[in-house]
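Please read them with the structure open.

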Amino acid sequence: MAERRIIELANADEIAHRVADWLAGLIEAGTGPFSLCLSGGSTPKRLFALMAAEPYRSTIPWDRLHVFMGDERVVPESDPNSNAAMSESTLLSHVPIDRANVHLMPTDGEPEQEARAYERTLQQAYGSDTLHPGRPLFDVVLLGLGKDGHTASLFPGKPAVEVTDRWVAAVPEAGQEPYVPRLSLTLPAIASSRHVAFLVSGADKVEPLRRVLAGEPLPSGRVTSEGEVLWYVDRAAMGH
Ligand code: 6PG
């Protein structure tokens, strides 16, 4: 079982700075391609904006980055609920990343077909259609925590949480707003990672975070990694 570490910080801004430094350090410590899976929702916006600004914009070797999405709302990119649009406007359109290495989830077709298409994208990037222990698909997976304990678009009680034979699942019914169909990495795909980092901020996350830390098998609590699962949380989310 992956090591779980809780890193409690003062507020959302401190989480963004700490995670930006941690990510930059990981990327700069390596030499080859670095695969980073982005989370959706609103919490990552501060982190993404920070990474798009100096010094990170100049110091991170963006040419080595391969960027993927952990989940997506099946809406046009013009829709304010689009995770791709959020990632583009806060980060991707501001950094010198090779666009051929940016892999957003397709949302213009039927969700099941788009889930399979994205799974093929991941398999092409990985070089196999089987996940091999010891050779993780992602270097880092960033995740958020929903008020119901979901993460990515794996909602409690929904079938996608239990999918183990696919890397990407279609989620016809979201368990939390926005109630639109979703695409989501599955738990095995998330587990094929060197590091998972949850970013959790705000008093509205006290309840789900307490439940996860108490060991409830919520989707976010079932996330594992080949390396470590870090929880970057602020005092408000810890109820302090
Ligand atoms: C999504 C996200 C989702 C998010 C949590 C937390 O597409 O909705 O991937 O898993 O991380 O719902 O969202 P906030 O950061 O907006 O609280």
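1. His103 counts as buried because its relative accessibility is 18%, where buried means under 20% relative accessible area, exposed over 50% and partly exposed in between (1.4 Å probe, protein chains only). This is a predicted model, in which local features need pLDDT of at least 70, side-chain atom pairs count only at pLDDT 80 or more, and totals for chains, interfaces and linings use all residues. Residues are numbered from 1 along each chain as its sequence is written, and side-chain values use heavy atoms, with hydrogens and water left out.

2. Strand β5 (residues 102-103) holds His103; strands are DSSP runs of E, at least two residues, numbered from the N terminus. Leaving aside residues up to four places away in sequence, His103 touches His66, Val67, Phe68, Met69, Tyr118 and Thr121. Contact here means heavy atoms within 4.5 Å.

3. Leu185 lies in strand β8 (residues 182-185) and is buried, because its relative accessibility is 1%. Its contacts, again not counting residues up to four places away in sequence, include Met69, Leu122, Phe138 and Trp167. Phe68 is 117 residues from Leu185 in sequence, yet the two are 10 Å apart in space, C-alpha to C-alpha.

4. Which side-chain atoms face the ligand's oxygen atoms? An N or O atom in the side chain of Ser42 is 2.6 Å from a ligand oxygen, and a polar side-chain atom of Asn83 lies 2.9 Å from an oxygen atom of the ligand. The ligand exposes 420 Å² when taken alone, and the protein buries 89% of that (Shrake-Rupley method, 1.4 Å probe).

Technical notes. Helices (H or I, at least four residues) and strands (E, at least two) are DSSP runs, numbered from the N terminus. A polar contact is a pair of N or O atoms within 3.5 Å; within protein, one must be able to donate a hydrogen and the other to accept it, and residues adjacent in sequence count only if both atoms are side-chain atoms.
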